[in-house]
Number of protein chains: 2
Amino acid sequence: MPGPVKPQRESLELVVLGVLSEEPLYGYCIIKRVAARSEHAIRLTAGVLYPLLHELEAARLITSTWETVRSERAGESSAGRKRKWYHITARGRRRLHQRITAHRAFQSMIEAFFPPPADEEAAT
Amino acid sequence: MPGPVKPQRESLELVVLGVLSEEPLYGYCIIKRVAARSEHAIRLTAGVLYPLLHELEAARLITSTWETVRSERAGESSAGRKRKWYHITARGRRRLHQRITAHRAFQSMIEAFFPPPADEEAAT
DNA sequence: TGACAATACATCGAAAGCCGATATATTTGG
DNA sequence: CCAAATATATCGGCTTTCGATGTATTGTCA
């Protein structure tokens, strides 16, 4: 059973694992993508994301690899900007499916409380 | 429009207003009903519910009336057990609809992230 | 009849979670 | 050259959470 309802963190975990299930991304990119996808309905800020990412990694739900991007102008001489790419693990995918299941369970209960009034002629 | 994702409290508010939208109930009864309906997926305890109920009342989303239940055995002589019945207000119903809308918006976004495939293998 | 479980309402405080502010560094655009 | 964007990260004050606890009445069962 989907564990008890827990704080926002669970929703955020779901969303982050969700976007990473499609393709590897780095933090800043995750923020932009989630904002765009949700039309800013989901507020995922750096102060929330990075600690979450670190937790997720500690729990081995994701792994990370550094990339150094050098500018064309500066070339080899520059230190380069660093990006940390995150990849979802098999364990992470299992967790994601759990979260999705849990979320859908909650959702179906909500819908059980409040059946969408598509057809009001539906007999009981 | 559904504001940013907020803590668990919002989900609980949704659930509580939801059960009260069907009929008036008293606290203890709300706890039992939500547990039963959600098959214990939603953990709504006394320590969480009563403060929430008081907030909801302060916000005029619900109103309350006391009932004194006397035991048949003891009859008039007993002090009686007290029950506080809660009723949803018109304002409460409006709030409920807002919450449902917000929840569905979040839900549909989740489903956009993860379109429910007929069947898929979790292999790799 | 006595004891224990269930009913019923309620508060409190430790712990956890949230998120804006802040820090550092590089690259891009004007 | 400078401001804005890119990119990662931490910190601390504030809010939220919920288990523990308190009080009281009623129901059950030996």
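This is a predicted model: local features need pLDDT of at least 70, side-chain atom pairs count only at pLDDT 80 or more; totals for chains, interfaces and linings use all residues.

Reader: Which residue is the bridge partner of T68(B) in β3(B)?

Author: That's K82(B).

Reader: And what order do the strands of the chain B sheet come in?

Author: The order is β1-β3-β2, in an open sheet of three strands with antiparallel pairing. The edge strands are β1 (25–26) and β2 (62–69) of chain B, and each of them pairs on one side only.

Reader: How many bridges join β1(B) to β3(B)?

Author: Two, and those strands run antiparallel. In that pairing, L25(B) stands opposite Y86(B) of β3(B).

Reader: Remind me, what do strands of a sheet pair through?

Author: Backbone hydrogen bonds, in either a parallel or an antiparallel way.

Reader: OK, over to chain A. What's the strand order there?

Author: Chain A has an open sheet of three strands in the order β1-β3-β2, paired antiparallel.

Reader: Why is one side of β1 and of β2 in chain A left without a neighbour in the sheet?

Author: Both β1 (25–26) and β2 (62–69) of chain A stand at the edges with a single partner strand each, so one side of each has no neighbour in the sheet.

Reader: Can you give me bridge partners for that sheet?

Author: β2(A) is joined by eight bridges to strand β3 (residues 81–88) of chain A, and the two run antiparallel. Within β3(A), R81(A) is the bridge partner of V69(A), and Y86(A) is the bridge partner of S64(A). On the other pairing, β1(A) and β3(A) are antiparallel over two bridges, with Y26(A) partnered by W85(A) in β3(A).

Reader: Switching to helices. At what angle do α1 and α2 of chain B cross?

Author: Roughly 100°, for helix α1 (residues 8–22) and helix α2 (residues 27–37) of chain B, whose axes come within 11 Å. α1(B) and α2(B) are therefore roughly perpendicular to each other.

Reader: Which residues meet there, from α1(B) and α2(B)?

Author: From α1(B) you have V15(B), V19(B), L20(B) and E22(B), and they meet I30(B), R33(B), V34(B) and R37(B) of α2(B). Sorted by class, that contact has five nonpolar, no polar and three charged residues.

Reader: What about α1(A) and α2(A), how do they pack?

Author: In chain A, α1(A) and helix α2 (residues 27–37) pack at about 100°, with axes 11 Å apart. That makes α1(A) roughly perpendicular to α2(A). α1(A) brings V15(A), V19(A), L20(A) and E22(A) to the contact, and α2(A) brings I30(A), R33(A), V34(A) and R37(A). The contact has five nonpolar, no polar and three charged residues.

Reader: While we're in that helix, what does S21(A) touch, leaving aside neighbours within four places in sequence?

Author: S21(A) lies in helix α1 of chain A. With those neighbours left out, S21(A) is in contact with I88(A), R93(A), L96(A) and F114(B). S21(A) and I88(A) are 67 residues apart in sequence, yet their C-alpha atoms are 6.1 Å apart in space.

Reader: Which elements give two or more residues to the surface near strand C?

Author: α1 (8–22) and α3 (46–58) of chain A, together with α2, α3 (46–58) and β3 (81–88) of chain B. The largest share, five residues, comes from β3(B).

Reader: And how does that surface divide by class?

Author: Near DNA strand C there are ten nonpolar, nine polar and nine charged residues.

Conventions: Residues are numbered from 1 along each chain as its sequence is written. Chains are lettered from A and ligands numbered from 1 in the order in which they are written. Side-chain values use heavy atoms; hydrogens and water are left out. Axes are lines fitted to C-alpha atoms, for helices over the stretch in contact, and angles run from 0 to 180 degrees between N-to-C directions. Angles under 35 degrees count as roughly parallel, over 145 as roughly antiparallel, 65 to 115 as roughly perpendicular and the rest as oblique. Contact means heavy atoms within 4.5 Å. Ala, Val, Leu, Ile, Met, Phe, Trp, Tyr, Cys and Pro count as nonpolar, Asp, Glu, Lys and Arg as charged, and the others, Gly among them, as polar. Two strands pair if DSSP finds at least two bridges between them.
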